[in-house]
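Subject: The two-chain model, with notes

Hello! Here is the structure I promised to pass on, and my notes follow below it. Have a look at it first, then read on.

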Amino acid sequence: MTLTKALTGLALSAFLMGSAAFAGEITINSDHSDPTPKKAMEELIADFQVKHPDITVKWNNFDHEGYKAAIRNFLTADPPDVAAWYAGNRMEPFVKAGLFEDVSDVWAANGLDDQLKSAASSMTIDGKKWGVPYTYYQWGIYYRKDLFEQNGITPPKNWAELLAACEKLNAAGIVPFAIGTKALWPTAGWFDYLDLRVNGYEFHMELTSGKVPYTDPRVKAVFEKWAELVKPGYFIANHAAIDWQDAIPQIVQGKAAMYLMGNFAVATMKDGGLSEDQIGFMQFPEITAGIPMSEDAPTDTFHIPAGAKNKEDAKTFLAYLASPEAQAKMNTTLGQLPVNNQAAKPTDTFLEAGFTMLSNAHALAQFYDRDAPAEMAKAGMEGFQEFMVKPDDLDRILERLEKTRAKVYK
Amino acid sequence: MQHDPQPAGFWKRNQMKIAPYVFFAPGALMFSIYVLIPIVQSIWISFQDWDGLGPKTWIGLANYVELLDDDTFYVALKNNLLWLGLYLLAIPMGLAAALFLNQNVWGIRLYKSMFFFPFVISQVVVGLMFTWFYAPDFGLFSQMIKWLTGSEVAILADERYVTYGIIVAGLWPQTAYCMILYLTGLNNLNSEQIEAARMDNARGWRLLRHVILPQLAPATFIAMVVTVIGALRSFDLVSIMTAGGPYGSSQVLSYFMYEQALSEYGYRMGYGAAIAVVLFLIMMVFITLFIVRMIAQERNR
């Protein structure tokens, strides 16, 4: 009796859930689990509802780490109407597996090719657009302004000046660069920037898409520049044992002066007790003269799964997400940069600097672990970490990376 | 005059024959669903090239060929052997702790539970505690090393020490486990035998070696089984403490499998399954040894 009841209830609710996906309701799956992104997302949805009262939004918020595994399941088993993900090669497996919907029409209808220009290339695969970017943030060198002043250093503009600054700091008993490589990815920031400055964006893209061998002399040249910082001990010791946050205290205590990081590091530095006028931001200095400056700017995106039930309304949502107002408001909450170049400029000092830098950038890389396929990225970043510990083993490391490259890009 | 009553139904006739199978069925069903079928599936997947989403392609032994050419595989294999060898230290250490605690003094229960404590807390917590213990700058261990030698060693960032560092962390709870096994064993000692041995003037080491240890053989056997299997499936500590790093030097097979098949940088199901099959074969060697021994013991009874 109770069993029958339960079964009926179950069947009924299944029926209700099945039929709930009528036009006028969209389901969004995303990983905005941290407090700030969660707030930004809630605001976005509330504003969207005000503008489109006929569409009801159902939002499933996933844990940030768990989402990476969950998306693989729900895209095939129970696709939502909109799903959060990342640009560049990170979305490629889903595009190739036919799990994301082509949204080129949303781009064309809303003039996004122009407004989202800086991220257009990283949203394009096979000449089509596969999602809408809504936020990114800049990478660059964050430094202790007061330590620079005490040692008579002006922010370096090129490699020679950077080396001279490092030498001065080192002589003053300050380690030039903080870094924590336990999680591997901080090393990739260094590789990206050195490669972007030594060889340029086009070469970097060729390398990350597997067209250039890692044993190429141009790749080696990147590591030679890197070695000029590694060999004299310009990075903090034991960096392989710590995460990036664990290296922040060294900056706060004045034991280290610079940190190549994403803009999110500023919040951590401020939490550590640094005031805003103690922190400076500079673009990664020029290495090969004449190569246009490109930057790392990892972009977060929303997509429509190919199996979505309500694609019409999902497209309305993406169009709203792409609009200057929505992006400006969302990124003010997030503390990041709007992708839409019509959006109001951020007021925060560091974001404003980043906004100017990225608007003038020649091109934007997504970060090594999003530009290169996952397996290559993992092997590559392990190689970078090993190089930072044992710079003399470079040839052996590059040969290993080349072996992986041959395997990954069949 | 009367005929024998018609033999009862099918069930009555075959009850004795069927009953064992009925009792066996639920267990067999569970074992098939959760153990046997997944093993077969893993072996099946290990012959495929599959990213977990798209179609599978049959590539025969290619995954295994690639594995034999993969440097990380040999690092993981070497580390697994290290784990296997050093993890067995938990058995004598557990025995020593058990012998030490097997006395009747006031508050011994409290001491026993404190010794057993590391086994109760999660491996993840053990891993975090040891990570902080080893941490350069503020970790207790690196402070001690600094005080003794004047220079710091970041255990978890140094490829020479990292695996040993993790194994030491693993030995802490494993020793506690072995200790509990031996403590229960010590409770069941035959006191008459020990008295007889004492009358024959056996004491100390010889008493332990010839009278106590043989009686503890079942406990030693179980301790051996759980320790060997624990060493081979060491995953949590590696994952928490180093994630296989620095640059893959603390890799073990189980973590390597996870990384290739399921981590953020992986999704090569076929390759991961091939690693799992290799790990399974290594485990099979030990499992077979244990099972053969257990069957032999059953027969002797």
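Which residues in α19(A) meet which residues in α20(A)? On the α19(A) side they are A:E375, A:M376, A:A379, A:G380, A:G383, A:E386 and A:F387, and on the α20(A) side A:L394, A:I397, A:R400, A:L401, A:T404, A:R405 and A:V408. Contact here means that C-beta atoms, placed from the backbone, lie within 7 Å.

A word on conventions: this is a predicted model, in which local features need pLDDT of at least 70, side-chain atom pairs count only at pLDDT 80 or more, and totals for chains, interfaces and linings use all residues. Residues are numbered from 1 along each chain as its sequence is written, while chains are lettered from A and ligands numbered from 1 in the order in which they are written. Helices (H or I, at least four residues) and strands (E, at least two) are DSSP runs, numbered from the N terminus.

Back to chain A. The axes of α19(A) and α20(A), the latter covering residues 394-408, come within 10 Å and cross at roughly 180°. These axes are lines fitted to C-alpha atoms over the stretch in contact, with angles running from 0 to 180 degrees between N-to-C directions. The pair is therefore roughly antiparallel (over 145 degrees; under 35 is roughly parallel, 65 to 115 roughly perpendicular, the rest oblique). By class, their contact has seven nonpolar, three polar and four charged residues (nonpolar: Ala, Val, Leu, Ile, Met, Phe, Trp, Tyr, Cys and Pro; charged: Asp, Glu, Lys and Arg; polar: the others, Gly among them).

α19(A) also matters for the chain pairing. The contact between the chains takes 18 residues from chain A and 20 residues from chain B. On the chain A side, α3 (64-77) and α19 (374-389) each supply at least two residues, and α19(A) gives the most, with eight. That side has seven nonpolar, three polar and eight charged residues.

Now chain B, which has 14 helices and two strands. Its radius of gyration, 26 Å, is well over the 19 Å that the globule rule gives for 301 residues, so chain B is more spread out than a compact globule (taken over C-alpha atoms; the rule is 2.2 Å times the number of residues to the power 0.38). Along its principal axes the C-alpha trace spans about 105 × 75 × 30 Å.

Within chain B, helices α6 (residues 123-134) and α8 (residues 162-187) pack at about 135°, with axes 10 Å apart. That makes α6(B) oblique to α8(B).

Happy reading!

How values were computed: Two residues are in contact if their C-beta atoms, placed from the backbone, lie within 7 Å.
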